Amino acid sequence: MLDSAGGAGGAYFAGPNDPIIKQIQGAADFIGTGAIEINMYEAEILDLVRRESILRQRVDERPATGHPHRYFEQTAIGTGQFSDPRTLAPTNTGPTRVERPAMIKALVNQVNLTLFDVQVTQQQGVFTGLEAKDIEDCVNGIIIAAAPAYWSGTDTSLAAPTTLQYVGLLTQITYQFTIAPGASIIDGIKYAVAQMMSNQTFRVRPTGIYLNPTLGHYIDTEAKNTQIVLGTTVIGGVTVKEINTQAGNLPLIPDVWMPSDTTAKYGFGAPAAGLKNYYCVVTSEKMIERPYIDGGKGNSAPQLFRLGLQNSLTGQYVSVQFDCIIAKGSSYAHCMISVQRA
């Protein structure tokens with residue numbers, strides 16, 4: 001070996017300007033007599049990133065009938081008439097049924113894994129599950145992309161698409177109410193539900209109220225100030241408030257993907273300056289469906305595919321989801337409420 005002067009010797013004595021020492025100093029937190037302190041990290045990565053959609057978890061999922069997905073909706077039955085009991089004169093009647101199509105939409109996501117960097121991470125033995133986590137998040141990324149679009153997707157027609165996104169539920173639902181500034185939110189919601197239940201043509205069965213979390217705060221504040229006691233129930237392991245209505249006790253389900261707006265949208269006018277339209281939707285959850293295509297495997301989750309290794313040995317994983325969201329009975333089985341608040 002060479003000594004620090006470049007001659008032959010049994011040991012290498014590095015000086016303070018030696019390139020090796022400079023590299024160590026650049027990576028170390030401290031270098032001193034008898035001590036070299038290097039960077040070390042906790043094995044657990046702080047991760048509170050959202051990966052779920054509460055609406056997706058609660059609505060019906062079913063294999064699509066094709067592209068488009070099709071179903072029939074009955075909007076009326078043949079009704080009888082009063083007649084003279086001695087001169088019966090019936091009139092021929094029949095049911096009214098309407099075909100409803102919905103085009104399937106596609107969402108995709110991709111993650112590339114470099115062989116060298118993956119193996120370095122495995123050899124270090126600290127973040128051992130990182131590869132599997134990132135592959136799983138390729139699927140979760142599809143769910144998160146879909147979550148806000150379930151409510152506010154930009155397409156405008158289920159049958160004749162105008163954009164690549166879903167037709168959001170806020171666009172599909174046409175039964176609407178507005179709660180003006182200063183008006184009781186609780187009374188407004190109860191009135192909207194009462195109007196739904198007063199429908200003499202359709203037997204409506206609301207099951208839940210999805211709302212912007214900030215609107216949930218306004219409801220809690222109103223209940224506190226007016227000494228109204230809201231009931232509680234458990235939804236997905238979380239205790240939520242519920243409102244007593246003409247349809248029974250309906251849970252208030254906060255959904256972070258429910259938008260709020262300062263402009264005119266979804267058929268509602270623009271709120272006054274300094275206010276927002278906070279939305280909530282009274283839903284008959286069994287009447288909201290997510291038809292999907294998966295090749296007949298019966299799995300509604302996003303599909304994950306591993307592509308063949310490229311000559312650079314880069315692994316590619318692609319996730320894809322074929323589905324759409326449908327609010328059946330959009331003009332009577334659900335209603336949308338805009339609450340104008342700061």
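This is a predicted model: local features need pLDDT of at least 70, side-chain atom pairs count only at pLDDT 80 or more; totals for chains, interfaces and linings use all residues.

Residues are numbered from 1 along each chain as its sequence is written, and side-chain values use heavy atoms, with hydrogens and water left out.

**Exercise 1. Describe the aromatic pair of Tyr266 and Tyr279.**

Step 1: Recall the rule. Rings of Phe, Tyr and Trp (its six-membered ring) pair if their centres lie within 6.5 Å; planes under 30 degrees apart count as stacked, over 60 as edge-to-face and the rest as tilted.

Step 2: Search the whole structure, and 8 aromatic pairs turn up. In one of them, Tyr266 and Tyr279 sit edge-to-face, at 5.5 Å centre to centre with 80 degrees between the planes.

Step 3: Tyr279 belongs to strand E13 (276–283) and Tyr266 to the loop between strand E12 (260–261) and E13, so the pair ties together parts that are 13 residues apart in sequence.

Step 4: Check the burial (buried means under 20% relative accessible area, exposed over 50%, partly exposed in between; 1.4 Å probe, protein chains only). Both Tyr266 and Tyr279 are buried.

**Exercise 2. Find what the side chain of Asp294 reaches.**

Step 1: Locate Asp294 in the loop between strand E14 (288–293) and strand E15 (303–307).

Step 2: Look for polar contacts, meaning pairs of N or O atoms within 3.5 Å; within protein, one must be able to donate a hydrogen and the other to accept it, and residues adjacent in sequence count only if both atoms are side-chain atoms. The Asp294 side chain reaches the backbone nitrogen of Gly296 at 3.1 Å and that of Gly298 at 2.8 Å.

Step 3: Turn to contacts (heavy atoms within 4.5 Å). Not counting residues up to four places away in sequence, Asp294 touches Asn299 and Gln303.

**Exercise 3. Is Thr314 buried or exposed?**

Step 1: Find Thr314 in strand E16 (residues 314–323).

Step 2: Read its relative accessible area, which is 14%, so Thr314 is buried.

Step 3: List its contacts, leaving aside neighbours within four places in sequence: Asn112, Leu113 and Leu309.

How values were computed:
Helices (H or I, at least four residues) and strands (E, at least two) are DSSP runs, numbered from the N terminus.
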